[in-house]
Amino acid sequence: MHIPDGLISPQTYLPALAVAVPLWVVAGRKLQARLGDEMLPRLAVFTALALLLSTLMLPLPGGTSGHAVGVGLLALIFGPWIAFMAYSLVLLLQAVVVGAGGITALPVNALAMGFVGAWVTVALYRSLRRLGEAPAVVIAVWFAVMVSALLLALVLGLQPSIAQSPDGSPRFFPFGPAITVPALLLPHAFIGAGEAALTLLVFRHARKRRWLEAPR
Amino acid sequence: MKHRAWGCAWLCAVVAVTLVHDPTWLGGGLAAVLLVSSHGRAALLRRAFLAVLPVLLLISIGYLVMGWITETLAWSYLLLLNLRVLLLALLTSWMVRDVDLDRALHGFPGARHWLSIVRSQVTVFRRLATEYRAAVQSRSTVPPTLGQRYRAGATLGLAALDKAMYNSQALTQGMRSRGALDD
């Protein structure tokens, strides 16, 4: 779902960078405090898994692409701060190794998918746990995918209003929210369902293997 | 040091490109990058073009249709968008080809370690997926049903996860025992 380079304006990505940097610092400190010889390989393996999930891309109408995200899985296993950090690394690697996504769009993508996605997953999972593990994981992950998609759709949809030429033509992304919101939310309703099922499968396996690192 | 400097130069160039809104300058930038990227520039351009083609096609066709309906078509915008996105993709492809991330991260041992494990696990996952596909194809002359593929994929995925975890722990212990993580 993430936005490639060249579609969002500096008026958007520079403020997003200003918000993301302090959050990366906090997440980095939390990661440093918990990182040990047991956690590091686990985190690396799940980061690699999230990277693989997010490289299987499908172009979507409206200018972005659809794929599983993997941040819900990271959040349920390691907690929201570490998931945010790990997913930011996934986005960075996609930008500088695979050449997908983008470096200027990184703060926006990291905030919408990594930060908001992780926190929505964990908050919903904790509040819905009394319904049972499976419904809590599935609802939390699906909802987190939808919230992240909505945020990215709004960011893209605001571009024609934020950055315009003197003649009124757009300078970056050309479509408004009336197009971007349905164009991203409809496919992600299905992508989110697939991701929720996949997350439940891996989450149960991780719990059986005692790999869960997040405070319960 | 050289790789880190090139990495920083790429970062500055990418930001600069998003500040330029004149197709002539962007076209000139594209030509300049192709000129100085030395041998293999055709492959570089092809890689960048293929990476952004689906997105550019979707946006350009969508914009053309919308502009035709609302009669507000701006050809200069289409040129601007396509040139900018292609130039950014070209810069990134060039950086991916010529900058060694491992060397660029010299001085950050934690980040290098994490990066090396992630890269090695991606390779392991990809190899396992290829082996799985080959195994499925070699065992049956009839293609598996969608349900069979999902079930087999889930089983293999979890087995691959166990294997990756084992490999990763062994790698970390090996690095620890050789003092590579003593920062």
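Me: Into which domains is chain B divided?

Reply: Domain bounds come from an automatic or database domain assignment. Chain B is split into domain 1, covering 2–101, and domain 2, covering 107–177. The C-alpha centres of domain 1 of chain B and domain 2 of chain B are 34 Å apart. The model is predicted: local features need pLDDT of at least 70 and side-chain atom pairs count only at pLDDT 80 or more, while totals for chains, interfaces and linings use all residues. Residues are numbered from 1 along each chain as its sequence is written, and chains are lettered from A and ligands numbered from 1 in the order in which they are written.

Me: How many residues of chain A are in contact with chain B?

Reply: Two residues are in contact if their C-beta atoms, placed from the backbone, lie within 7 Å. By that criterion, 36 residues of chain A are in contact with 41 residues of chain B. On the side of chain A that touches chain B, the elements giving two or more residues are α2 (39–53), α4 (80–98) and α7 (177–208) of chain A. Helices (H or I, at least four residues) are DSSP runs, numbered from the N terminus. The largest share of this side, 10 residues, comes from α2(A).

Me: How do the residues on that side of chain A divide by class?

Reply: Ala, Val, Leu, Ile, Met, Phe, Trp, Tyr, Cys and Pro count as nonpolar, Asp, Glu, Lys and Arg as charged, and the others, Gly among them, as polar. The side of chain A that touches chain B has 23 nonpolar, nine polar and four charged residues.

Me: At what angle do the axes of α2(A) and α3(A) cross?

Reply: Two packed helices are described by the angle between their axes and the distance between the axes. Axes are lines fitted to C-alpha atoms, for helices over the stretch in contact, and angles run from 0 to 180 degrees between N-to-C directions. For α2(A) and helix α3 (residues 71–78) of chain A, the axes come within 9 Å and cross at roughly 165 degrees. Angles under 35 degrees count as roughly parallel, over 145 as roughly antiparallel, 65 to 115 as roughly perpendicular and the rest as oblique. The helices α2(A) and α3(A) are therefore roughly antiparallel to each other.

Me: Is the crossing of α2(A) and α3(A) left-handed or right-handed?

Reply: A crossing is left-handed if the near helix is turned anticlockwise from the far one by less than a right angle, and right-handed if clockwise. Here α2(A) passes α3(A) in a right-handed crossing. From α2(A), Leu43(A), Phe46(A) and Ala50(A) meet Val71(A), Leu73(A), Leu74(A), Ile77(A) and Phe78(A) in α3(A). By class, this contact has eight nonpolar, no polar and no charged residues.

Me: How many residues of α3(A) are buried?

Reply: A residue is buried if 20 or more other C-beta atoms lie within 10 Å of its own, exposed if 12 or fewer, and partly exposed in between, with C-beta atoms placed from the backbone. In α3(A), eight of its eight residues are buried, and the helix is mostly covered. Among the buried residues are Gly72(A), Ala75(A) and Leu76(A). Just after α3(A), Gly79(A) takes a positive phi of about 95 degrees.

Me: How are α1(A) and α5(A) packed?

Reply: Helix α1 (residues 10–34) of chain A and helix α5 (residues 106–128) of chain A pack at an angle of about 50 degrees, with their axes 7 Å apart. They are therefore oblique to each other, and their crossing is left-handed. Among the residues making the contact are Tyr13(A) and Leu17(A) of α1(A), and Leu111(A) and Phe115(A) of α5(A). The contact of α1(A) with α5(A) divides into 11 nonpolar, one polar and no charged residues.

Me: At what angle do α6(A) and α7(A) pack?

Reply: The angle between α6(A) and α7(A) is about 155 degrees, and their axes are 7 Å apart. That makes α6(A) roughly antiparallel to α7(A). The crossing of α6(A) and α7(A) is right-handed. Their contact has 23 nonpolar, five polar and one charged residues.

Me: Where is Leu154(A) placed?

Reply: Leu154(A) is in helix α6 (residues 133–162) of chain A. It counts as partly exposed, with 14 C-beta neighbours inside 10 Å. Leu154(A) and Thr180(A) are 26 residues apart in sequence and 7.2 Å apart in space, C-alpha to C-alpha.
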